[in-house]
Amino acid sequence: MELPAQLEARFAELLRRYPRKRSALVPMLLFAQDQFGYLSDALIEEIARRLDLNVLQVTETLAYYSMLRREPAGKYHLQICTNVSCMLRGGYRILEHCQRRLGIGHKQKTPDGRFSLEEVECIGACTGAPALQVNYDYYENMTPERLDILLETLAQGAPPPPPVPHTSGAVHPRHPDEVPVISRRFGIPDSRTLRVYREHDGYRALEKALGMKPEEIIEEVKKSNLRGRGGAGFPAGVKWSFVPKDTDKPKYVIANADESEPGTCKDRPLMEFDPHQLIEGMLIAGFAVGAHQGYIYIRGEYRYVMNILDEAIAEAYAAGLLGKNILGSGFDFDLCTHTGAGAYECGEESALMESLEGKRGYPRIRPPFPALVGLYGCPTVINNVETLSSVPAVILHGGEWYASLGTPKNGGTRLFAISGHVNRPGIYELPMGYNLLKMIDVAGGVANGKKLKAVIPGGSSTPLLKAEECDLAMDFDSLARAGSMLGSGAVIVLDEETCMVDVARRIMRFYAHESCGWCIPCREGTAWLRQMLDRFHAGGGRSEDIPLIGELSQNMLGRTFCPLGDAAAMPTISIVRKWRHEFEEHLKGRCPYKPAEVLAGAD
Amino acid sequence: MAEQKQIRLKIDDREVTVPAGTLVIEVAKRLGIEVPSFCYYPGLSLQAACRMCLVEVEKAPKLQTACTLVAVDGMVVHTNTEPVRKARRDMLEFLLTNHPLDCPVCDKGGECELQDMTFRYGADSSRFVELKVHQPEEKWSELVYFDMPRCILCFRCVRICDEGMDVKALGVGSRGVYSAIIPNRGDHLECEECGMCIDICPVGALTSGTYRYKTRPWEMKYVATPCAHCSNGCKTTLSVRNNQILRANNRDLSGFNREFLCAKGRFGFDFVSHEARLKFPLVRENGAQKPASWEQAVRIVAERLKAIRDRYGPEAIGVLGSNRTTNEENYLLNRFARATLGTNNVDHHRTADYAGLAAALGEEAPRAMLRMEELREAKAILVIGNEPSYQNPLVAWQIRWAVRNGGARLYIINAQPIKLRRRATCFVQADEAEALRHLASGGGQLSAETRHALQELETEIRKESDVAIVFGAELYAKAIGDLVDFGRQLNGQTRYMALGDYANSRGASDMGLLPEFLPGYERVSDAAARERFGRLWGTELSVVAGLDARAMLNEAGEKIKALYVVGSNPVKTFEVPAEKLARLELLVVQEIFPTETTAVADVVLPAASAYEKEGTFTNTAGDLQMLRKAVDLPGVRSDFDILRILAHQLARLGLGQPFAARTPEEVLEEIRQHVRGYAVSLANLLAGGAEPVHPVLEADPKAYDVPVGAIFSSRDTLFSSGSLTRYLKMVRSVNEARLSYEELRNAK
């Protein structure tokens with residue numbers, strides 16, 4: 001099958017990136033889809049042929065990823081997010097408005113083929129909620145009026161109004177309590193270029209690291225108390241120290257840029273404003289563990305961010321910062337990006353590696369852990385983008401300095417994405433252990449003068465806190481004591497008029513959509529609870545459902561293959577326990593609140 | 001090998017010592033403690049997906065999956081505490097939410113693991129009131145149907161197809177609760193149609209196109225017996241209701257093939273009840289075959305044989321045996337030919353040179369015969385010739401097992417890129433006999449490139465120890481000598497398996513259906529052997545050299561005036577013009593179906609099939625197993641009975657002695673006592689086990705040779721079985737039955 005030259009070139013480049021051909025599968029499918037609009041049988045056969053796979057291996061893999069299509073979408077594919085942060089600020093109104101305007105529903109296409117519509121899960125624009133994507137372009141802080149303008153411009157065939165240039169809420173006047181360490185270059189013109197990065201200490205940490213012994217680097221990272229920023233909070237230095245030193249196998253460093261936890265949009269600005277900081281962090285990690293190849297696994301929706309990273313990587317190669325004999329040190333390191341294609345589960349590190357190997361993103365049995373058996377069965381360090389982006393500062397200023405910024409055992413700063421019912425949703429870099437109530441003030445306080453009802457402290461998988469529980473330090477240990485988790489640092493603020501049943505419903509809808517289907521309790525449990533909460537919220541609840549919702553969540557908890565089941569269970573359990581009365585009120589046949597989206601939002 | 005470290009742990013207060021690295025679920029099994037599971041299946045990769053095997057481990061924060069938990073020293077495990085029981089109950093509740101609970105009409109009802117587990121561990125009521133995910137049933141092939149709603153996604157089918165069969169025809173589509181098993185061709189399967197996925201399915205999601213909705217499992221009786229088709233000796237368990245075989249599988253793991261069966265083993269039983277079966281004797285009268293009574297037919301055969309022998313002498317009679325009749329029948333046929341008729345013109349279609357292997361091995365034979373079970377434990381395997389994946393599917397399965405689970409290295413020499421090459425450490429494409437000559441002596445006509453590749457293979461294989469060698473009909477006589485010479489240079493004890501075609505190919509050879517050998521490869525030229533068997537059979541045995549099969553057929557109507565054929569179709573197999581056989585004065589054929597040969601026969605005697613009689617088969621590896629009779633077909637007689645009756649008739653006419661033995665058991669007793677290598681223990685055999693046989697051919701092995709063309713394989717595929725092929729309706733119903741070897745091999 002003959003392919004356009006540009007796609008051929010892209011395929012050829014992809015095949016050079018990986019030691020195993022199959023790894024190129026998901027990117028190839030997505031790029032081919034970009035070109036042809038969908039994945040036809042002929043395309044699938046062609047890609048299978050090129051990768052020495054059978055057609056089934058290709059079809060079963062693509063069936064897993066929600067961005068990959070077997071049928072054409074419209075010329076403009078509108079993907080409207082209704083996940084919690086967007087819902088709280090009018091996401092459903094945007095969706096309904098769009099449905100009315102276009103006369104089509106979820107996963108439908110206008111007869112002229114111009115538009116198609118899809119209700120999507122969190123697209124990582126939570127501080128710019130409500131948000132949508134037209135193809136790969138982000139449009140944030142949407143209102144029905146702005147949507148009208150967008151649709152009209154698109155319908156006229158005129159170039160669409162420019163999308164937001166960067167993550168909404170990432171650049172703002174600094175609050176005095178902020179400690180800009182990893183976000184210090186946000187907003188500086190051309191911060192993503194090597195020139196500007198170098199003007200602001202760029203690659204000095206790498207130079208320093210190359211003069212250190214690998215074990216000294218690991219020791220420094222241990223001292224910094226830098227803990228995993230993806231959600232689990234495992235100490236990064238300890239993780240690195242598990243990588244065996246004497247092995248014949250190649251080793252890998254992976255940046256987990258599959259940011260998908262609802263409410264979380266802090267890796268996106270880190271990469272779009274400061275891609276070199278991440279590259280530098282990965283280089284240092286690679287040098288510390290003896291790896292010579294790195295991959296940045298980035299979620300498929302972040303296409304423009306991936307382009308920024310690709311440019312930065314090319315710049316770094318040109319400057320001798322990647323490739324052979326980096327800065328004359330004798331250290332070799334290659335790096336490339338790898339696109340996902342729509343799967344929250346691939347943010348789980350072992351599922352991510354399966355995905356990077358070109359398979360369905362099923363998690364792996366652990367132990368063994370990635371440090372011993374990771375990508376391609378080889379020792380692998382896999383860290384969140386924010387974790388790796390913090391490494392240059394740790395090395396440059398020392399582990400102790402970094403640790404001193406936070407609380408004991410919780411070193412450094414953290415990028416908090418504060419979304420929902422606040423006046424100034426945004427991404428704020430605050431010290432670890434910063435007080436949650438003060439944090440809401442940093443974001444301008446609860447929107448529209450309403451009272452605080454609840455906070456989701458670390459992304460939608462963390463147990464919710466009632467307003468009166470929110471006077472606490474935002475670090476891993478304090479939140480654990482409060483029965484919740486710091487998670488990905490995504491703080492979602494809910495005001496007094498938020499229907500908690502609706503929140504529980506929306507959260508479960510997400511996890512049911514994202515459950516990979518591997519294990520029984522998660523696959524069946526999330527689907528059951530989704531149906532039950534949908535019914536309950538719509539007024540069809542029965543009194544026996546209330547304890548059942550809690551019990552079924554409990555039945556998933558701790559028994560699923562990977563943490564996704566826990567992620568679905570924990571917030572649900574907390575909502576049923578803490579706001580049981582709201583469920584009881586629903587038994588009367590209606591939601592006691594007006595639909596949440598009418599109460600909040602940008603208009 | 002280093003002694004494996006032993007560890008001690010406690011399960012449900014019982015101390016146990018096991019080798020380090022054992023999974024807790026296996027330790028429990030060893031103690032007789034059931035830890036329920038769906039996705040765990042020994043020999044397949046671990047999943048930990050069904051979460052049924054959660055157990056409590058002291059000092060662990062939460063329940064652990066016993067199927068992935070490696071036992072460590074001092075571990076304390078509880079499998080029957082309230083948290084464990086509750087977890088099982090909860091998992092089953094989740095599982096049943098989207099399950100249709102259509103047990104009353106489900107094929108699996110009564111033998112369903114989900115049903116059993118729900119009965120044992122499940123809740124007594126359902127709390128699910130939402131809509132179930134539904135999808136209509138799909139027909140994936142004539143043999144495989146899929147009911148998605150019943151599927152519990154244990155992924156056994158996907159794994160058995162990929163890891164076990166190396167076919168990869170099943171995958172998983174969609175995600176989450178909509179996940180579903182999908183076939184490789186969109187809406188249908190293109191595969192080897194082995195049906196492994198059906199039998200390994202713990203529920204009724206995958207069902208058999210030939211069995212579905214026919215009956216209930218408890219209405220059938222189950223008869224485990226060796227398969228009637230290829231030479232590998234798989235046990236197939238026939239499910240019988242009202243004297244009818246309704247299905248075959250090996251869910252009871254009755255044979256060394258354990259769960260394995262190929263399409264023929266699983267679906268190739270329907271020839272038994274095919275409408276074309278011969279059900280009464282036929283006797284040619286005035287040019288046309290007419291139905292006759294058994295009495296008439298046998299009398300005619302006896303009288304004419306006697307007349308021909310009287311007129312032309314015993315050398316004018318030829319006897320062609322079968323690859324599918326039992327050892328007892330073959331033994332009797334041998335006696336019938338040599339003692340009753342007095343001729344050494346005895347042969348059969350030889351599909352492997354078993355005699356050649358015995359000759360090359362000589363005294364080493366008992367140690368150097370590779371049994372079918374041992375193949376899966378081998379650490380280094382050399383495959384020469386044949387296409388095991390299609391001709392010897394169990395052999396291929398065992399090899400894949402050894403590679404997958406035992407880390408075995410696989411070396412292949414074959415003129416064709418056979419399917420097993422995908423699992424090979426080293427594959428050399430070369431003419432097998434030439435390659436062997438090269439390995440044994442450095443000679444052989446090969447290209448420089450091939451020689452180089454062979455050298456690499458040789459270097460590697462010389463590092464191995466206890467190599468298991470499997471070879472096809474490409475090697476015979478001298479080439480086997482070359483092979484054994486090479487094998488003797490390797491480290492440890494090299495063992496061999498010759499691959500033949502049919503269910504008792506090996507037995508035909510071992511029982512002496514060869515002109516120059518008496519049973520157990522004792523030479524006709526050996527006076528002592530002749531004397532011994534002569535005494536046993538009540539006659540002095542002829543020393544006149546016998547003709548082999550081709551010679552007999554060539555001489556049909558010339559030197560050979562009468563041909564007695566049992567379960568063989570020489571017109572087709574040896575490509576003898578039917579007119580040539582028509583020139584015989586007497587052609588008698590014992591058969592189960594009309595064939596090109598029965599068409600020209602003077603007398604056709606309808607025989608019972610392998611599933612309708614008792615006796616033993618010897619598989620290609622020398623594993624002796626007992627047949628169990630599953631059904632009866634009125635009108636037919638076993639080859640055993642036919643020979644016995646005929647011998648009796650001939651004795652009355654003054655020719656030979658009647659056979660004293662009335663049952664196959666009595667003949668087996670004679671075989672055990674008098675056939676070399678067959679002195680096996682009866683207990684295991686009677687219990688359904690396999691006993692190794694190893695005839696020794698010690699006298700002058702170097703002198704052994706066979707003419708070119710005497711040994712050849714029919715090269716059956718997964719969808720053909722010699723002359724039975726056309727009567728295998730189910731097996732032939734699939735699209736793949738029309739694919740060539742090459743197309744099957746290249747199917748991705």
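**Figure 1. Contact between domain 2 and domain 3 of chain A in the predicted model.** In this view, 12 residues of domain 2 of chain A are in contact with 13 residues of domain 3 of chain A. Domain 2 covers residues 76–156 of chain A and domain 3 covers residues 194–405. Their C-alpha centres lie 33 Å apart. About 920 Å² is buried between domain 2 and domain 3 of chain A, and 53% of this area is on carbon and sulfur atoms.

**Figure 2. Salt bridge and polar contacts between domain 2 and domain 3 of chain A.** One salt bridge is found across this interface. A salt bridge joins E140(A) and R268(A), with 2.7 Å between the closest N and O atoms. On the side of domain 2 of chain A that touches domain 3, six residues are nonpolar, five are polar and one is charged.

**Figure 3. Surroundings of R10(A).** R10(A) is part of helix α1 of chain A, which spans residues 5–17. Its relative accessibility is 32%, so R10(A) counts as partly exposed. Apart from neighbours within four places in sequence, the contacts of R10(A) are F31(A), R303(A) and M306(A). G449(A) is 439 residues from R10(A) along the chain, and 52 Å separates the C-alpha atoms of these two residues.

**Figure 4. Contact between chain B and chain A.** Chain B brings 44 residues to this contact and chain A brings 45 residues. The area buried between the two chains is about 3600 Å², with 54% of it given by carbon and sulfur atoms.

**Figure 5. Salt bridges and polar contacts between chain B and chain A, with the chain B side of the interface.** Four salt bridges are counted between the two chains. R535(A) forms a salt bridge with E130(B), where the closest N and O atoms are 2.6 Å apart. The count of residue pairs in polar contact between chain B and chain A is 23, with both residues at pLDDT 80 or more. On the side of chain B that touches chain A, the elements giving two or more residues are α2 (82–97), β8 (170–173) and β9 (180–183) of chain B. Helix α2(B) supplies the largest share of this side, nine residues. By class, the residues on the side of chain B that touches chain A are 24 nonpolar, 10 polar and 10 charged.

Notes. Residues numbered from 1 in each chain as written. Chains lettered and ligands numbered in written order. Predicted model: local features only at pLDDT ≥ 70, side-chain atom pairs only at ≥ 80, totals over all residues. Heavy atoms only, no water. Domains from an automatic or database assignment. Contact = heavy atoms within 4.5 Å. Buried area = accessible area lost by both parts, 1.4 Å probe. Salt bridge = Lys/Arg side-chain N within 4 Å of Asp/Glu carboxyl O. Polar contact = N/O pair within 3.5 Å; in protein donor to acceptor, adjacent residues only side chain to side chain. Nonpolar A, V, L, I, M, F, W, Y, C, P; charged D, E, K, R; others polar. Helix = DSSP H or I, 4+ residues; strand = E, 2+ residues; numbered from the N terminus. Buried < 20%, exposed > 50% of the residue type's maximum accessible area, 1.4 Å probe, protein only.
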